[in-house]
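Open your viewer and get your selection tool ready. We will go from one stop to the next, with a short note on what to look for at each.

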Protein chains: 2
Amino acid sequence: MNAYSQLITALRLLPNVGVKTAQRMAHTLLHQNRAGAAQLVQALDNALKNIHNCQMCHDFCESELCAICANPQRDPSRLMIVQMPADVAAMEAARCHDGLYFVLMGQVNPAQEMDLSSIALQQLVARLSGSPVNEIIIATAHTAEGDATAYILAELFKEQPYKISRLARGIPLGSELEYVDAGTLAQAVYERNLLKETTGE
Amino acid sequence: MNAYSQLITALRLLPNVGVKTAQRMAHTLLHQNRAGAAQLVQALDNALKNIHNCQMCHDFCESELCAICANPQRDPSRLMIVQMPADVAAMEAARCHDGLYFVLMGQVNPAQEMDLSSIALQQLVARLSGSPVNEIIIATAHTAEGDATAYILAELFKEQPYKISRLARGIPLGSELEYVDAGTLAQAVYERNLLKETTGE
Ligand SMILES: [Zn+2]
Ligand SMILES: [Zn+2]
């Protein structure tokens, strides 16, 4: 396989990229913007070498702990569980959560609720083991996938002594967290629905 | 700017990739398929180092001359001008042109017909200078852009002694060459319309 075919094959590994889109990308990278292409090689190579998952919250980060998990001023008793890294950024911009986060890095497909491999459940259980967390805020989206994910999480913690809530439905149905304005996000945190009161204490 | 932001910025250099798509790509590359991401780094780096433009036809290639231009069995008197590398591949698969090619690497925007920087006109003029070409087949698409490009080329060669033709309209309107079946492509070459008879001899 020649260098051009190899590039097309590699570009098709990107989500939703077919042959035609890959050819258009190759044209941009090899013809219109070779400097940009070199920048992409550099940025992706650097990202692969330096970006890993935070040992606590599973978000992308370049050190063992991300800045939020390493911040002693955050309340370690309140854990907000989100789907994606962009959700953490959106929530931080809304300044309505002073606790810590956990990033699932995915969501549950409601058609395959038994397949939990798309979310970082093992890491979440390990994160909670022996931790001072007593409140869990499920901040998954109000979509079919977000609902299925919230259901799985609520089931997982049913027998555990955590207070568990989910973001209020102030968040527009069907939209992703990162596109919601800060005021609506803050409202949804404030009006979060109690799914289960603290027990076992 | 951290490694993640740099990656998002670099991915947005790809055509039609906004913030949301770049985040989805980053998630695929950093979380779901790091081996594929390494493959992309390797393929793009290799492509940038090895792929250049053929000195004759301007198509992407890994040596000074591509296999077609270097083939002494091709008829050097007939030059087919196409928009993109994929068009050469489609035409070769149709086995209906035994001459050489020139790849414009773009098309003219009919709204900006005076802006010719999107096609390799300078290289085309240099390619033709002193060459044995006596027939030019304009194989641009039957789209607004392809029509504008064909018009510019016909104007460019108006005073030159080339026989000039354009692919017959057997090619479906609005579709790209590479998606047309081989039989239709061959028919369009066979029925190509004469735009100007040879002169000056
Ligand atoms: Zn963290
Ligand atoms: Zn060539």
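A residue is called buried here when its relative accessible area is under 20%. Keep that cut-off in mind for the stops below, and remember that this is a predicted model.

**Stop 1: helix 4 of chain A.** Select residues 85-94 of chain A. Seven of these ten residues are buried, so helix 4 is largely enclosed by the rest of the structure. To see which ones, color A:Pro85, A:Ala86, A:Asp87, A:Val88, A:Ala90, A:Met91 and A:Ala94. Now step on to A:Arg95, which follows helix 4 of chain A and has a positive phi, near 50°.

**Stop 2: all of chain A.** Zoom out until the whole chain is in view. How many of its 201 residues are buried, as a percentage? In chain A the buried share is 49%. Along its principal axes, the C-alpha trace of this chain spans about 65 × 35 × 35 Å. Switch to a cartoon and you can pick out seven helices and seven strands. If you take the contacts in chain A between residues at least 6 apart in sequence, 58% of them join residues at least 24 apart.

**Stop 3: helices 1 and 2 of chain A.** Next, select residues 3-11 (helix 1) and residues 19-32 (helix 2) of chain A. How are two packed helices described? By the angle between their axes and the distance between the axes. For this pair the angle is about 120° and the axes are 9 Å apart. Helix 1 and helix 2 of chain A are therefore oblique to each other, and their crossing is right-handed. Show side chains to see the contact: helix 1 of chain A brings A:Tyr4, A:Leu7, A:Ile8 and A:Leu11, while helix 2 of chain A brings A:Ala22, A:Gln23, A:Met25, A:Ala26, A:Leu29 and A:Leu30. Sorted by class, the residues in this contact are nine nonpolar, one polar and no charged.

**Stop 4: chain B with chain A.** Finally, display both chains. Chain B can be laid on chain A with an RMSD of 0.1 Å, by a turn of 179° and a shift of 0.0 Å along the axis. That is the relation of a two-fold axis. Which C-alpha of chain B is nearest the axis? Select B:Val41, whose C-alpha lies 2.7 Å from it. Then select the interface residues: 100% of those in chain B are also interface residues in chain A, so the copies meet through the same surface.

Methods: Residues are numbered from 1 along each chain as its sequence is written. Chains are lettered from A and ligands numbered from 1 in the order in which they are written. This is a predicted model: local features need pLDDT of at least 70, side-chain atom pairs count only at pLDDT 80 or more; totals for chains, interfaces and linings use all residues. Side-chain values use heavy atoms; hydrogens and water are left out. Axes are lines fitted to C-alpha atoms, for helices over the stretch in contact, and angles run from 0 to 180 degrees between N-to-C directions. Helices (H or I, at least four residues) and strands (E, at least two) are DSSP runs, numbered from the N terminus. Angles under 35 degrees count as roughly parallel, over 145 as roughly antiparallel, 65 to 115 as roughly perpendicular and the rest as oblique. A crossing is left-handed if the near helix is turned anticlockwise from the far one by less than a right angle, and right-handed if clockwise. Contact means heavy atoms within 4.5 Å. Ala, Val, Leu, Ile, Met, Phe, Trp, Tyr, Cys and Pro count as nonpolar, Asp, Glu, Lys and Arg as charged, and the others, Gly among them, as polar. Copies are superposed by least squares on the C-alpha atoms of residues with pLDDT of at least 70 in both. Buried means under 20% relative accessible area, exposed over 50%, partly exposed in between (1.4 Å probe, protein chains only).
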